[in-house]
Amino acid sequence: MQNQTISPATPTQIVVLGAGYAGLYATLRLARRTRRQSVQITLVNASPTFVERTRLHQQASGQAIPPLRISDLLKGTGVHFVQGRVTVLHPSHQQVTIENAASGHTRHYDYLIYALGSYTTAAALPGGAEHACTLEDHAQCAGAAGTTFAWCTPPSDRRRSDGSGSGDRSG
Ligand SMILES: Cc1cc2nc3c(=O)[nH]c(=O)nc-3n(C[C@H](O)[C@H](O)[C@H](O)COP(=O)(O)OP(=O)(O)OC[C@H]3O[C@@H](n4cnc5c(N)ncnc54)[C@H](O)[C@@H]3O)c2cc1C
């Protein structure tokens with residue numbers, strides 16, 4: 001008698017929330033490890049592009065960071081990408097609610113990876129709302145590039161006397 005792997009009719013559903021460093025790497029490794037198994041992996045993220053948070057200070061200081069489309073990063077892996085914002089978790093029903101501009105829907109999972117990262121609440125500190133700028137996504141950094149980093153750098157510093165002209169204000 002031959003050894004056979006019997007796959008269930010319905011694949012095991014793994015849902016990964018958040019395509020930052022943690023969620024994206026977990027997804028890619030899971031996809032590799034489960035490629036011969038009856039498993040469907042779904043990755044959910046608010047934006048269609050991977051936000052390289054460790055480089056956001058560069059964007060805030062005016063450097064161009066090429067966008068990385070999550071669907072391109074997942075090519076050939078079999079992972080299903082859903083762009084949308086996770087709004088509700090229903091652990092007792094093993095479901096999550098995901099909303100995007102077009103609609104909202106609820107998705108079942110057998111296993112869930114929660115990798116939604118963290119956000120800074122600058123407004124919780126006195127003066128934070130008025131004087132702090134946080135770097136958490138591309139939109140915030142675009143705003144910071146046009147305001148904070150522009151006024152905190154004296155015009156004379158924008159071109160270095162050594163002629164490099166790089167004037168990197170991101171350090
Ligand atoms: C400017 C800057 C420089 C940094 N430099 C370093 C460094 O040099 N070394 C280092 O170790 N760390 C550094 N960090 C910290 C590092 O970026 C974080 O530790 C890391 O990003 C955390 O990864 P994560 O996957 O947990 O979360 P994130 O990278 O924040 O990813 C979370 C993802 O979930 C998505 N998301 C959030 N909420 C929802 C929702 N409700 N629905 C759908 N999607 C959602 C977000 O859009 C994001 O894509 C830096 C951070 C910043 C801001």
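A residue counts as buried if 20 or more other C-beta atoms lie within 10 Å of its own, as exposed if 12 or fewer do, and as partly exposed in between, with C-beta atoms placed from the backbone. Keep that idea in mind as we walk through the structure above.

This is a predicted model, in which local features need pLDDT of at least 70 and side-chain atom pairs count only at pLDDT 80 or more, while totals for chains, interfaces and linings use all residues. Residues are numbered from 1 along each chain as its sequence is written.

**The overall plan**

Helices (H or I, at least four residues) and strands (E, at least two) are DSSP runs, numbered from the N terminus. The chain has six helices and seven strands, and their order along the sequence is β-α-β-α-α-β-β-β-β-β-α-α-α. Of its 171 residues, 15% count as buried. Two residues are in contact if their C-beta atoms, placed from the backbone, lie within 7 Å. Among the contacts with a separation of 6 or more, 58% join residues 24 or more positions apart.

**The four-stranded sheet**

Two strands pair if DSSP finds at least two bridges between them. Which strands make up the parallel sheet? Four strands form this open sheet, in the order β3-β2-β1-β7. Because β3 (80-83) and β7 (111-114) stand at the edges with a single partner strand each, one side of each is left without a neighbour in the sheet. On average, neighbouring strands here are turned by 20° against each other, direction ignored; axes are lines fitted to C-alpha atoms, for helices over the stretch in contact, and angles run from 0 to 180 degrees between N-to-C directions. Between β2 and β3 there are four bridges, and T42 has H80 in β3 as its bridge partner.

**The three-stranded sheet**

A second open sheet has three strands in the order β4-β5-β6, with antiparallel pairing. Its edge strands are β4 and β6, each pairing on one side only. Neighbouring strands of this sheet are turned by 25° against each other on average, direction ignored.

The β5 strand takes part in two hairpins. One is formed by β4 and β5, with four residues between them, and Q94 in its turn has a positive phi of about 55°. The other is formed by β5 and β6, also with four residues between them.

| Strand pair | Direction | Bridges |
|---|---|---|
| β2 and β3 | parallel | four |
| β4 and β5 | antiparallel | five |
| β5 and β6 | antiparallel | five |

Some partners can be named. V88 has T97 in β5 as its bridge partner, V96 stands opposite R107 in β6, and I98 is partnered by H105 in β6. Which residues lie on the covered face of β5? V96 and I98 do, whereas Q95, T97 and E99 form the uncovered face.

A101 is in the loop between β5 (95-99) and β6 (104-108). Is A101 buried or exposed? A101 is exposed, because 7 other C-beta atoms lie within 10 Å. A101 and Q83 are 18 residues apart in sequence and 9.7 Å apart in space, C-alpha to C-alpha.

**The nonpolar core**

In soluble globular proteins, nonpolar side chains tend to be buried together. A nonpolar core is a set of buried Ala, Val, Leu, Ile, Met, Phe, Trp, Tyr and Cys residues joined through C-beta atoms within 7 Å. The largest one here has 15 residues, and V15, V16, L17, L43 and V44 touch the most other members. The elements giving two or more residues to this core are β1 (12-17), β2 and β5, and β1 gives the most, with four residues. Leaving aside neighbours within four places in sequence, L43 is in contact with V16, A19, G23, T27, L74, V79 and F81.

**Around the ligand**

A residue is near a molecule if its C-beta atom, placed from the backbone, lies within 6 Å of it. How many residues surround the ligand? There are 21, and the closest are G18, G20, A22, R53 and G117. At least two residues of this shell come from each of α1 (21-33), β2 (39-45), α2 (56-60) and β4 (85-90), and α1 gives the most, with three.

By class, the shell has 11 nonpolar, eight polar and two charged residues. Here Ala, Val, Leu, Ile, Met, Phe, Trp, Tyr, Cys and Pro count as nonpolar, Asp, Glu, Lys and Arg as charged, and the others, Gly among them, as polar.
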